[in-house]
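Me: I'm new to this one and would like to learn how to read it. Could you walk me through a few features, step by step?

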Amino acid sequence: MEEKDLIKYFRSLGLEVNTTTHARGHQGFFMKNRIDISKNIPKSRVVPTLLHEFAHYIHSKLEKDINQNGGSLEILFLSKNPLIKEELIKVTHFVDENSMCVKLLEHKDRVKSKIKFYEQIIKSDYPQFLRSKKFKEFDRYIRRSKARYLLKYDRVKLIGGFFQTREEIFTIDNLEADFPDMPKAFAAYIRLRSMLRKQSRITSRISKYKRYYERPTELFARFVEGLYIDNEWVKALAPVTCKIFYELLDNGHYMELSKVLKSVDFSYAV
């Protein structure tokens, strides 16, 4: 069963299947008996994406409101074995390398290096400086300087004058030119604060991606997708999960998913 046959079968189950949309910015999308497959994905990605979204459909039959609450691995696998989640995360990393957030983690490391660099500049003049404590010397200086606005933003525009027509633009990158009297350590502290904000944003993005990829419904969908991409490797990554899954599959727990997996071009036998 390939792309056209899968779509035909899904439609016979009452599913609406669209292959000419943007799928809300994803490769595929499932909601309320509707599967959208992005028209922009490579041909090789269509079948695995169809299987991924069909796994969401099967999950929605086992458990309501999966789009809101992410579902439950216990309901999916009828087991509380903690190894299931561990193995499914490994499979997710294999199926979708974006789940490992490699670029974000590399970016975070670069930001950490910048933070250490600015700390060293500050400590060359203020050896007792600690990020966790108030920088009193800086606080006294910054109260009299328009550079104080750069403690929260990397770029600010100040509008002043009697008719509010005079504009001043200050940026992190132009500190020395805009504030020639500013000590080197204080400029480094402002840039350090900027890097801390950036680090916080990156950490938030990593946490957001992790929450998304580790939702039970996403772990399950990528597991099913992975079985198609490389059945043997998924078995090696997730032996406990595969054993439970195939037993439940044979017992009809996953309903129509059994027929679909037996008909696509991969080795179904355990």
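Me: Where does Asn 33 lie?

Reply: Asn 33 is in the loop between strand 2 (28–31) and strand 3 (34–38). Helices (H or I, at least four residues) and strands (E, at least two) are DSSP runs, numbered from the N terminus. Asn 33 has a positive phi of about 65° although it is not a glycine. Before we go on: this is a predicted model, in which local features need pLDDT of at least 70 and side-chain atom pairs count only at pLDDT 80 or more, while totals for chains, interfaces and linings use all residues. Residues are numbered from 1 along each chain as its sequence is written, and side-chain values use heavy atoms, with hydrogens and water left out.

Me: Is Asn 33 buried, exposed or partly exposed?

Reply: The general idea is a set of cut-offs: buried means under 20% relative accessible area, exposed over 50%, and partly exposed in between (1.4 Å probe, protein chains only). Asn 33 has a relative accessible area of 38%, so it is partly exposed.

Me: Which phi value does Cys 101 have, and where is its place?

Reply: Phi of Cys 101 is near 55°, a positive value in a residue other than glycine. Cys 101 sits in the loop between helix 5 and helix 6. With 9% relative accessibility, Cys 101 counts as buried.

Me: How many salt bridges does the structure hold?

Reply: Side chains of opposite charge can pair when their charged atoms come close. The cut-off for a salt bridge is a side-chain nitrogen of Lys or Arg within 4 Å of a carboxyl oxygen of Asp or Glu. The structure holds 13 salt bridges.

Me: What is Arg 222 paired with?

Reply: Arg 222 forms a salt bridge with Asp 96, and their closest N and O atoms are 3.8 Å apart. Arg 222 belongs to helix 10 (residues 216–229) and Asp 96 to the loop between helix 5 (83–95) and helix 6 (102–125), so the pair ties together parts that are 126 residues apart in sequence. Arg 222 counts as buried at 6% relative accessibility, and Asp 96 counts as buried at 17%.

Me: Which residue meets Arg 131 in a salt bridge?

Reply: That is Glu 119, at 2.7 Å from N to O. Arg 131 is partly exposed at 45%, whereas Glu 119 is buried at 16%.

Me: How do I read two helices that pack together, such as helix 1 and helix 2?

Reply: Two packed helices are described by the angle between their axes and the distance between the axes. Axes are lines fitted to C-alpha atoms, for helices over the stretch in contact, and angles run from 0 to 180 degrees between N-to-C directions. The axes of helix 1 (residues 3–12) and helix 2 (residues 46–62) come within 10 Å and cross at roughly 20°. Angles under 35 degrees count as roughly parallel, over 145 as roughly antiparallel, 65 to 115 as roughly perpendicular and the rest as oblique. Helix 1 and helix 2 are therefore roughly parallel to each other.

Me: Which residues make the contact?

Reply: Contact means heavy atoms within 4.5 Å. Helix 1 brings Glu 3, Leu 6, Ile 7 and Phe 10, and helix 2 brings Val 46, Val 47, Leu 50, Leu 51 and Phe 54.

Me: What about helix 5 and helix 10?

Reply: Their axes come within 9 Å and cross at roughly 60°. That makes helix 5 oblique to helix 10. Among the residues that meet there are Leu 88 and Thr 92 in helix 5, and Arg 222 and Phe 223 in helix 10.

Me: Which residues does His 56 touch?

Reply: His 56 is in helix 2 and counts as buried at 7% relative accessibility. Leaving out residues up to four places away in sequence, His 56 touches Phe 30, Ile 66, Thr 217, Glu 218 and Ala 221.
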